[in-house]
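Trainee: Can we go through this one together? I'd like to start with the overall layout and then look at some side chains.

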Amino acid sequence: MASHLFPFGFNFGRDTEQWRQLVCCLPAYERAKELVDHFHRMVNTQAVAVPPSQTDDILSQFYPRKELIRAESESLSEGGLHNLGLLFALLAIGCANDDSLPQLNAEAESYAHLTRATLCSYNIIEHSSLSTVQTILALCAYTKSAEISRRNDMTWTLMSFGCQIAMSVSTSLKLHAR
């Protein structure tokens, strides 16, 4: 599975079939909204800054008219992939914090794998964005919120990697502003 390659991805670029396979793994709108709400309820205890207005924009990108989109070629932008990864990460955190589920549950782990697979779908070192940084830090928060002791090193590794990507994004933004 592609998620096991993270952070060394295979960069499928604009491969429509791969994109469709990832998008088809999104839950129904109602479940996605519920999990994003779980994420926002617990956001004060985590170091992930994704405001409700941004999650609303991401949900509307993938759920226009509250129905899951079909992956059309015009949706295959890097920004779409970045946002898809962030959405999967938020869903994983939402599942880990859903009181009706055990903290360690298959649905949350599935979304965490899909997050990593999405991050592997493009070169995150050369083509990073704020959404990429948020996705990596959200994945870090998931590993911490799932409280899997064997992943403590993974949490710190992801935090360090997210900070390094954030610095490169910041540098890139400063260079483009000049």
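Mentor: What follows goes from the whole chain to its core, its ring pairs and one threonine. Keep in mind that this is a predicted model.

Trainee: How many helices and strands does the chain have?

Mentor: There are seven helices and zero strands. Along the sequence the pattern reads α-α-α-α-α-α-α.

Trainee: And how much of the chain counts as buried?

Mentor: Of its 178 residues, 49% count as buried. The chain exposes about 9200 Å², and carbon and sulfur atoms supply 55% of that.

Trainee: Which residues of the largest nonpolar core touch the most other members?

Mentor: Those are Leu26, Leu87 and Leu91, in a core of 48 residues. In soluble globular proteins, nonpolar side chains tend to be buried together.

Trainee: Which helix gives the most to this core?

Mentor: Helix α4 does, with 12 residues. Each of α1 (16–23), α2, α3, α4, α5, α6 (130–145) and α7 (152–177) supplies at least two.

Trainee: What does Leu87 touch?

Mentor: Leaving out residues up to four places away in sequence, Leu87 touches Leu26, Val36, Ile58, Leu59, Phe62 and Tyr63.

Trainee: New topic. How many aromatic pairs are there?

Mentor: The count is two. One joins Tyr29 and Tyr63, edge-to-face, with 5.5 Å centre to centre and 65° between the planes.

Trainee: Why does that pair tie together parts that are apart in sequence?

Mentor: Tyr29 sits in helix α2 (residues 29–42) and Tyr63 in the loop between α3 (52–62) and α4 (78–96), so the pair ties together parts 34 residues apart in sequence. Tyr29 and Tyr63 are both buried.

Trainee: What about Phe88 and Tyr111?

Mentor: Phe88 and Tyr111 form a stacked pair, 6.3 Å centre to centre with 20° between the planes. This pair also links distant parts of the chain: Phe88 is in helix α4 and Tyr111 in helix α5 (residues 106–119), 23 residues apart. Both Phe88 and Tyr111 are buried.

Trainee: Last one, Thr55. Is it buried or exposed?

Mentor: Thr55 counts as buried because its relative accessibility is 3%, and the cut-off for buried is under 20%. Its place is in helix α3.

Trainee: Which side chain does the Thr55 side chain make a polar contact with?

Mentor: That of His40, at 2.9 Å. Not counting residues up to four places away in sequence, Thr55 touches Val36, His40, Val50 and Leu90.

Technical notes: Residues numbered from 1 in each chain as written. Predicted model: local features only at pLDDT ≥ 70, side-chain atom pairs only at ≥ 80, totals over all residues. Heavy atoms only, no water. Phe/Tyr/Trp six-rings, centres within 6.5 Å; stacked < 30°, edge-to-face > 60°. Helix = DSSP H or I, 4+ residues; strand = E, 2+ residues; numbered from the N terminus. Buried < 20%, exposed > 50% of the residue type's maximum accessible area, 1.4 Å probe, protein only. Core = buried A, V, L, I, M, F, W, Y, C linked by side-chain atoms within 4.5 Å. Contact = heavy atoms within 4.5 Å. Polar contact = N/O pair within 3.5 Å; in protein donor to acceptor, adjacent residues only side chain to side chain. Areas by Shrake-Rupley, 256 points an atom, 1.4 Å probe, with all protein chains shown as cover.
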